[in-house]
Amino acid sequence: MLRLYYQAFSKLIKVDRLTMTPHQYWIAAGKGMERPYTGEYWFNQEVGTYHCKHCDNQLFSFDTKYKSTTGYAQFWNHIPNSVKLEESNVKEVRDLCCAGCDSFVGKVSFDGPPPTFIKYSINSAALNFKLKPFQEDPYFRKIARKEKQAQRSKKVEHNYLESNKNL
């Protein structure tokens, strides 16, 4: 009897239960899904990356997030070698776990948007969001580049006017 109990729980996730709320532990260990539209990141539109709450493994990028009507954070692709799929009770849906700590992150179905046609429905309680630094954001880099070019052209114009004053 004790051996069967041990075999049933031999695949333990590598997370510390004392550092989590009961809701986070229910999602990580019990493979639970939070209620739709209640998560913190289901409508997040900031620029950054989504990490595993337990082992800080990078899972998803803001580039692959899309707006969805399901109430979960939805992605169409993950960062390579960051997650793994496991079998589920439902035929068309699979469980998604973090590759670093084996904690449950969300569900995967194969009816998503192009180009991958895969839909990752992720629990916000299993994620941490880290903002992308200002310098690394391509949009802000483009603006900064334009500002530097404008400053250079002003300097060149100023130097040209200064040099022609003496003539």
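Asp56 is partly exposed, with a relative accessible area of 41%; partly exposed is the band between buried (under 20% relative accessible area) and exposed (over 50%), using a 1.4 Å probe and protein chains only. You'll find Asp56 in the loop between S1 and S2, where its phi is positive, about 60 degrees, although Asp56 is not a glycine. Keep in mind that this is a predicted model, where local features need pLDDT of at least 70 and side-chain atom pairs count only at pLDDT 80 or more, while totals for chains, interfaces and linings use all residues. Residues are numbered from 1 along each chain as its sequence is written, and side-chain values use heavy atoms, with hydrogens and water left out.

Now step back to the whole chain. Its secondary structure comes to 3 helices and 9 strands; helices (H or I, at least four residues) and strands (E, at least two) are DSSP runs, numbered from the N terminus. Read along the sequence, the pattern is α-α-β-β-β-β-β-β-β-β-β-α. Of the 167 residues, 32% are buried. The accessible surface is about 11600 Å², and 55% of that belongs to carbon and sulfur atoms; these areas come from the Shrake-Rupley method with a 1.4 Å probe, and for residues only the protein chains shown count as cover. A contact means heavy atoms within 4.5 Å, and among contacts with a separation of 6 or more, 52% are between residues 24 or more positions apart.

Let's go inside. In soluble globular proteins, nonpolar side chains tend to be buried together. A nonpolar core is a set of buried Ala, Val, Leu, Ile, Met, Phe, Trp, Tyr and Cys residues joined through side-chain atoms within 4.5 Å. The largest one here has 17 residues, and Leu59, Phe60 and Ile122 touch the most other members. The elements that give two or more residues to this core are strand S1 (48-52), S2, S4, strand S6 (93-98), S7, strand S8 (119-122) and strand S9 (127-131). Take Ile122: leaving aside neighbours within four places in sequence, the residues in contact with Ile122 include Glu34, Phe60, Phe75, Leu96, Val105 and Leu127.

A pair of aromatic rings is described by the distance of the centres and the angle of the planes. Rings of Phe, Tyr and Trp (its six-membered ring) pair if their centres lie within 6.5 Å; planes under 30 degrees apart count as stacked, over 60 as edge-to-face and the rest as tilted. By this rule there are 8 aromatic pairs. Phe60 and Phe75 make a stacked pair, because their ring centres are 4.3 Å apart and their planes are at 15 degrees. This pair links distant parts of the chain, with Phe60 in strand S2 (residues 58-61) and Phe75 in strand S4 (residues 73-75), 15 residues apart. Phe60 counts as buried at 0% relative accessibility, and Phe75 is buried too, with a relative accessible area of 0%. Both belong to one aromatic cluster, along with Tyr41, Tyr50, Tyr120 and Phe129.

Next, a helix. In H2 (residues 22-30), the buried residues are Gln24, Ile27 and Ala28. They cover an arc of only 90 degrees around the axis, so they sit on the same side of H2; that arc is taken from the directions from the helix axis to the C-beta atoms. The buried residues of H2 pack against strand S7 (104-109). After H2 comes Lys31, with a positive phi near 55 degrees.

Strand S7 holds Ser109, which counts as buried at 10% relative accessibility. Its side chain makes a polar contact with the side chain of Asp111 (2.8 Å). A polar contact is a pair of N or O atoms within 3.5 Å; within protein, one must be able to donate a hydrogen and the other to accept it, and residues adjacent in sequence count only if both atoms are side-chain atoms. Another polar contact, of 2.4 Å, joins the side chains of Asp102 and Lys84. Asp102 is in the loop between S6 and S7.

The loop between S7 and S8 is worth a stop as well. Pro115 lies there, and a cis peptide bond joins Pro114 and Pro115, with omega about 10 degrees. Phe117 is in the loop between S7 and S8 too, with a positive phi near 60 degrees. Phe117 is partly exposed, at a relative accessible area of 48%.
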